[in-house]
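I opened this one up to get my bearings. These are my notes, in the order I looked things up.

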Amino acid sequence: NEALAFTNHELQQFSWVVSHDLNEPLRKIQVFMGIIKELYLEDNKAVDYIDRTIKSAGRMQTLITDLLEYSRLSSKVIPKKTDLNIILQEVISDFDYLIEQKNAIVTVDELPVIDSISSQLRQVFQNLLGNSLKFSGKVETPHIHVSSQIIKTKDFDAEADPEGQFCKITVTDNGIGFDEVYLDRIFVIFQSLNDRRIYEGTGIGLAISKKIIENHNGMITAKSQLGKGASFIMILPLNINK
């Protein structure tokens, strides 16, 4: 156990160093390319190449940030009482512009107060709502609904029980969905079922979400049909120590 803890610590230190060493030159690439574009370029084709370069550097920066977040999930943090309503409203507020741009409707049930690492669950909601908005497809009005239910046991099919020790939270949308034959792939790091030329992303978001939920002694799955939206279902204990 001591050797494993030491190895995890070394990996985390390595991740921090690598992320810093890679992020700095990427930042300079973006800055200098922006200056060249603004001050020295008039040819439309050259501007297009510069824009592509800046966009590629941005994607690489996002990938580095996501990898760093994934590596940090092994760190020990003490859970605290968390009002999930506050966390979710903060995330919705962050997506205000995109929600307005896509003419989306987001509805939310009353969520429970649970033991959690709030920053990590915030990231889960951010990943799930972000995906619902990103993969909304061509529907005129994207609908996203976050439902909540107190349940009796740690089971996706558990019956509702107001005295239960677990909550089931479901994020449902009417977007492009996916074929459930690929269900095992979507929570694996770097796996993506969609064309990244159309839908940007690193393929890490759902892997991070799964790891966070499991760190909270919970579990996550999804239900979907291609072209008929998707539902991501989380089971979390109300008290992480029980």
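**Salt bridges**

I began with R122, which forms a salt bridge with E90, the closest N and O atoms being 3.5 Å apart. A salt bridge here is a side-chain nitrogen of Lys or Arg within 4 Å of a carboxyl oxygen of Asp or Glu. The pair links distant parts of the chain, with R122 in helix 5 (residues 118–134) and E90 in helix 3, 32 residues apart. For those names, helices (H or I, at least four residues) and strands (E, at least two) are DSSP runs, numbered from the N terminus.

Before going on, I noted that this is a predicted model: local features need pLDDT of at least 70, side-chain atom pairs count only at pLDDT 80 or more, and totals for chains, interfaces and linings use all residues. Residues are numbered from 1 along each chain as its sequence is written, and side-chain values use heavy atoms, with hydrogens and water left out.

Next I checked how open these two residues are. R122 is partly exposed, with a relative accessible area of 22%, and E90 is partly exposed too, at 35% relative accessibility. My cut-offs: buried means under 20% relative accessible area, exposed over 50%, partly exposed in between (1.4 Å probe, protein chains only). I also found that E90, D94 and R122 are linked in a network of salt bridges.

How many salt bridges does a search of the whole structure find? It finds six. One of them joins K81 to D115, with the closest N and O atoms 3.1 Å apart. K81 lies in strand 1 (residues 80–83) and D115 in strand 3 (residues 113–116), so the pair ties together parts that are 34 residues apart in sequence. Is K81 buried or exposed? K81 counts as exposed, at 59% relative accessibility, while D115 counts as buried, at 10%.

I also looked at K210 and E214, whose side chains meet in a salt bridge (2.6 Å, N to O). Both lie in helix 7, four residues apart, about one turn of the helix. K210 counts as partly exposed at 28% relative accessibility, and so does E214 at 42%.

I found an open sheet of five strands in the order 2-4-5-7-6, with mixed pairing. Its edge strands are strand 2 (105–108) and strand 6 (219–224), each pairing on one side only. The twist averages 15 degrees from one strand to the next. For pairing, DSSP has to find at least two bridges between two strands.

I went through some pairs in turn.

- Strand 4 (residues 143–151) and strand 5 (residues 166–173) run antiparallel and are joined by eight bridges; S147 stands opposite T170 in strand 5.
- Strand 5 and strand 7 pair in the antiparallel sense over eight bridges, and K168 stands opposite I235 in strand 7.
- Strand 6 and strand 7 run antiparallel with six bridges between them, and K223 stands opposite S231 in strand 7.

Strands 6 and 7 form a hairpin with five residues between them, and G227 in the turn has a positive phi of about 80 degrees.

Why did I note strand 7 as largely enclosed by the rest of the structure? Because eight of its eight residues are buried. A230, F232, M234 and L236 point one way, and S231, I233, I235 and P237 the other way.

Helix 3 (residues 84–94) lies across strand 2, strand 4 and strand 5, running at about 175 degrees to strand 2. Axes are lines fitted to C-alpha atoms, for helices over the stretch in contact (heavy atoms within 4.5 Å), and angles run from 0 to 180 degrees between N-to-C directions.

Helix 7 (residues 205–215) lies across strand 6 and strand 7 (230–237), at about 25 degrees to strand 7. Its buried residues include L206, I208 and I212. After helix 7 comes N217, whose phi is positive, near 60 degrees.

Last, I looked up D173, which is found in strand 5. D173 is buried yet has no salt bridge, and the nearest side chain of opposite charge, K102, is 11 Å away. For charge, Lys and Arg count as positive and Asp and Glu as negative, with His and the chain ends not counted. D173 touches S132, H143, I144, G229 and A230, not counting residues up to four places away in sequence.
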